[in-house]
Amino acid sequence: MNQSVFKIRLRCSWCFVLFLVASIMYAQEDYTLSGTITDKSNGETLFGASVLLKGTTVGVITNEYGFYSLTAPQGSYTVIISYLGYSEIEQEVTLSNNQQINFEISEFSTQLQEVVVTADEPERAVLKKPEMSTVKMNIATVKQMPVVMGEVDILKSLQMLPGVTNNGEGTGGFHVRGGAQDQNLVLLDEAIIYNTSHMFGFFSVFNADAIKDVKLYKGGIPARFGGRVSSVLDVRQKDGNSKNFAATGGIGIISSRLTLEAPLFKEKGSFLIAGRRSYADVFLKAFGNDNSVSFYDLNLKTNYTINDNNRLFLSGYFGRDSFKLGETFKSSYGNSTGNLRWNHLFNDKLFSNLSLIGSKYDYDLGLTFAEFDWVSSITNYNLKYDFKYYLSDKFKLDFGLSGIYYDFDPGQIKPTSSTSAVNPLSLDRKKAFESGIYLNAEHKLSEKLSMQYGLRYSAFSRLGGQAMNDYANNQPVIYNNALDIYQRGTAVGETNFDKGETIKTFDNLEPRISLAYQLNENSAIKTGFSRVAQYIHLLSNTASATPLDVWTPSGQFIDPQLSNQYAVGYFRNFKEKMYSLEVEAYFKNTDNRIDYIDGSDLIGQNTIETEILSGESRAYGLELLLRKNEGNFTGWIAYTLSKSEQRTPGGSAGGLGINNGNWYNTSYDRTHDISVSGAYRLNDKWSFAANVVFQTGRPVTYPNSQYSYEDVSIASYAPRNSDRLPAYHRLDLSVNYKPNKKPNARLKGEWVLGIYNAYARKNAAQISFGQNIDTGVNEATRLSIFGIVPSITYNFKF
Amino acid sequence: MQNYIKYTIVLVASIFFSCEDVIDVEVQNDSERLVIEASLDWEKGTNGNNQSIELRKSTPFFDTTSNTPVTGASVKVTNDSNGDEFIFIDQNNGTYTTDAFVPIIDATYSLEIIYGAEVYTAKETLIEVPDITDLFQGTEDGFDDEILEAHVVFTDPPEEGNNYLFRYDFEDELLPELEVGDDEFINGNEIDWWIEIEEDEETDEIEAFQPGETVAIEMYAISTAYKNYIEILIEQMEGVDLFSSTPVLVKGNCVNETNPDNYAHGYFRVTQVNKTSYTFE
């Protein structure tokens, strides 16, 4: 890197620190009240609970570990602890010295968690904090929504909210604000999950029984996160019941699950172990079918409280899918993660968390008939240290640093027998190191105006230990002017990089800022800007990503993606907070988005650079969310009007570019996206829920002419994504029945009956064009994945 | 490999409630273009003198007539190394023929077509095809252990970069099956290339090979450029689904020198080919 640039950047960062310190200077000398807030019944820490000093504006929300800290002048106060769905508690506190108080609060009802009739606090519009473009979903809300096959799915529930969509039924991952799937950072207990789908996307890897919180950042990504430009999905596992033994489970048509939780070490610790397994393979076997499809998940978590200032957490996730077609083909893939965390309170204002995280995604493809195995993986080790300094009521500071070491193994082919015609082959392993350091302030400038500003400095090194091709004229892709097509460049030699060397280094400054201005008691306007860098890329030239797609780091030929997002929003609670309205508009553009030349071949490709060009993408939209948060009837209407496009000029390869360098729709562009979700609680026994979804069809490429060649009618295709599938819509219904039980019976059960796609709409997952094999006439064939799908699930808890 | 992935996904989908049906779809309409099917294929063991080139027009996608002959063009092929010219004679049905073509291994040929006021040109090199050393049937390989496959055995030349096109024509089937292969993972090895027909259990429209049935096999040695072209065509012929690459307009090697925007479909290929057939027992 240019050294003078580096110096200037450092100086800027330094100015920034000075500014922060200056703004801290006028903080008064006060006393601090801190501690944790937990659920009385199971000891789970509560994220997002509110702690307020009655009659003042001094208040704080608990962090991911249930910790709070607030500072106020000496005096006597009434502390109000509230968390919706829980009974509010008040306690007198005399602040004459720094105090540590832990609070325990109880749920309103002693029923199953699914019956929470009021929304969680954060599901209301948050007015006082500058945080915007975020969605926190209550697990209870997720569980009550009707879903396909009765398989509770966090990702499918998130897609009911504005700005979040998928790429069609039965496809993995999700898209946020017109961003690609690989632009989402998905974290399960801080560990990176590289593939969120089971069965190619029909289900997600998250077992809702083991999950405590789900928070999605669609924009305004806080400075403590980095590495993905579109969104952060922060999923946290439960800690495990520290009060008594509990079991939760369910039996569905696709899978069954069981979660066990219990205290350890005299309530100083606890553990959770949750398992889920599908059983389609068992049925297939029973019917004498050689084919097999299955998945399982295992979630583990344990924690130990050393003392008031130190707590340890250990968590893990293991999930796997496997497929077998008779004896000829088998494939399996899965994520494994582990995380050891240490919460430490330096003092009652300075909270810290140190995490050591490991994460791996791998797949294995065995083709028995071709006598070879194909294995590929991505592994990372991550060390991060995060701090939160609760300086004063007006000023809070987050800072920290992280380092991630990546090992990409894009593929190895191993012949499985001596007669195999396949030669062994290893694609180049790639190694990289990503680091980040950040500082972020939450600053209440006045009663009405609050601000959040921060800076992240990230760096990425592609490490040596491999040879890289050199290309004629340094062009891995060349433009064939005569034929107007892009072709693979010619390798003219190799440069070998030793293990100690770096192939290429990048660094970026990523500022984030947002502002909230509270107009009155019930409404606020907010605005934000964020810049994020992404150094690793998922290679996928198909309409929908598959588990076999490979991640690749930035390097000589691939630059990091850089994205700027601007957002404004209006937030309002009305009818005594019974309703809330959130309206946001956003614009974002991303540089260095990889695009694939026509006819690109990514499978087993060692020189990815010969298949791609670098382009840009942009997305803009308007999101509207109206929610009813309280009462027997709750739910929301979400509407998104948006556009998502990309373009790829020829650049150094020459020529106009892919699709003649014109902007074209990404396959996750949806002009209109309406989701309505409602739940009605009739009485303690019966409740009902429904979803309605309407979306503009997915952009696709249809033929625009035909010609005969080799005695076959060849379809000639129109420009990329210039057509659309028919509009997508459906209705889902579910009924929840809790049989009468004695109020103090230990076992509590419920039945969930669901119908997915109630009016049996044949939504096109794809439309394929070809010749009828009998008549030779061209025809269009629609594949619809789900017809009307009934389901039944039994859930229990004791 | 993409096919295996697709196959798995179809299996997964079929466990659920997926359904396929033929529907009416409105598509865009491109302008009419010249289609050049200039395939000079020298059958191994013959003199290769008789060759033909087909010229047609493209039509709207759902038109039932995809064969619209182009007449009145002048068609010429030149051997670039020795300057020999071969004039193809208009048969007034879209076919242009010669009986004087001289195929030479590794020679480069140029095509020139003048149609209307526009000139189209292309270049291609003739590549030698290795001999088929064995032809037999089996059931062990393939997706299904119980159905018949036809095996074609040949030895890939030692240097990397060989590409093959296989064309199979079946009894009572309208459409041929095309497959393309390269020696990327199998360079220099003895290769056992097999074909199997998966039965369609739902419709019974497609049947596996039966004893007594004959399959016609053509094995072409092709250039890398042509492989890149035909590979995409074949992939797109099978229909484009969620897990296929985004379908693209595939451009061949025939350049319109007069008006580049009015490009032609099709390809000028010069190959050597083994033609044989196999009757199942």
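This report walks through a predicted model with chains A and B, from domains to sheets, cores and the chain interface.

## Ground rules

Residues are numbered from 1 along each chain as its sequence is written, and chains are lettered from A, and ligands numbered from 1, in the order in which they are written. Because the model is predicted, local features need pLDDT of at least 70 and side-chain atom pairs count only at pLDDT 80 or more, while totals for chains, interfaces and linings use all residues.

## Two domains in chain A

Chain A is assigned domain 1 (3–108) and domain 2 (154–797). Such bounds come from an automatic or database domain assignment. Taken over C-alpha atoms, the centres of the two domains are 32 Å apart. The contact involves 28 residues of domain 1 and 29 residues of domain 2. Two residues are in contact if their C-beta atoms, placed from the backbone, lie within 7 Å.

On the domain 1 side, α1 (3–25), β1 (31–39) and β4 (67–72) of chain A each supply at least two residues. α1(A) gives the most, with 7 residues. Helices (H or I, at least four residues) and strands (E, at least two) are DSSP runs, numbered from the N terminus. By class, this side has 11 nonpolar, 14 polar and 3 charged residues. Ala, Val, Leu, Ile, Met, Phe, Trp, Tyr, Cys and Pro count as nonpolar; Asp, Glu, Lys and Arg count as charged; the others, Gly among them, count as polar.

## Pairing around β1 of chain A

Strands pair if DSSP finds at least two bridges between them. β1(A) pairs with β4(A) in the antiparallel sense, over 6 bridges. There, A:Gly35 has A:Tyr68 as its bridge partner.

β1(A) also pairs with β7 (residues 99–100) of chain A, in the parallel sense, over 2 bridges. A:Leu33 stands opposite A:Gln99 in β7(A). A parallel pairing with β8 (residues 103–105) of chain A has 3 bridges. In it, A:Thr38 is partnered by A:Glu104.

## A five-stranded sheet in chain A

An open sheet of 5 strands in chain A has mixed pairing and the order β9-β16-β17-β12-β13. Its edge strands, β9 (134–138) and β13 (191–192), each pair on one side only. β12 (residues 184–188) and β13(A) run antiparallel, joined by 2 bridges. A:Leu188 has A:Ala191 as its bridge partner in β13(A).

## A:Ala690

A:Ala690 lies in strand β44 (residues 686–695) of chain A. This residue is partly exposed, because 18 other C-beta atoms lie within 10 Å. On that scale, 20 or more means buried, 12 or fewer means exposed, and partly exposed is in between, with C-beta atoms placed from the backbone.

Leaving aside neighbours within four places in sequence, A:Ala690 contacts A:Pro146, A:Gly678, A:Leu731, A:Asp732 and A:Leu733. A:Gly776 is 86 residues away in sequence and 45 Å away in space, C-alpha to C-alpha.

## Where chain A meets chain B

Here 78 residues of chain A contact 72 residues of chain B. Strands of chain A that each supply at least two residues include β22 (310–325), β23 (329–347) and β52 (778–784). The chain A side has 39 nonpolar, 29 polar and 10 charged residues.

A strand pairing crosses between the chains. β52(A) and β1 (residues 19–23) of chain B run antiparallel, joined by 5 bridges. A:Arg782 is partnered by B:Asp21.

## The chain B sheet

An open sheet of 12 strands in chain B has mixed pairing and the order β12-β11-β14-β16-β2-β3-β6-β5-β4-β7-β8-β15. Its edge strands are β12 (177–182) and β15 (255–256) of chain B, each pairing on one side only. Within the sheet, 8 bridges join β7 (residues 108–115) to β8 (residues 118–125) of chain B, and the two run antiparallel. B:Ser110 stands opposite B:Lys123 in β8(B).

## Nonpolar cores

A nonpolar core is a set of buried Ala, Val, Leu, Ile, Met, Phe, Trp, Tyr and Cys residues joined through C-beta atoms within 7 Å. The largest has 157 residues, and A:Leu158, A:Leu187 and B:Ile36 have the most contacts inside it. Helix α2 (residues 224–237) of chain B gives the largest share of this core, 7 residues.

Not counting residues up to four places away in sequence, B:Ile36 touches B:Leu55, B:Ile113, B:Tyr120, B:Cys254, B:Ala264, B:Gly266 and B:Phe268.
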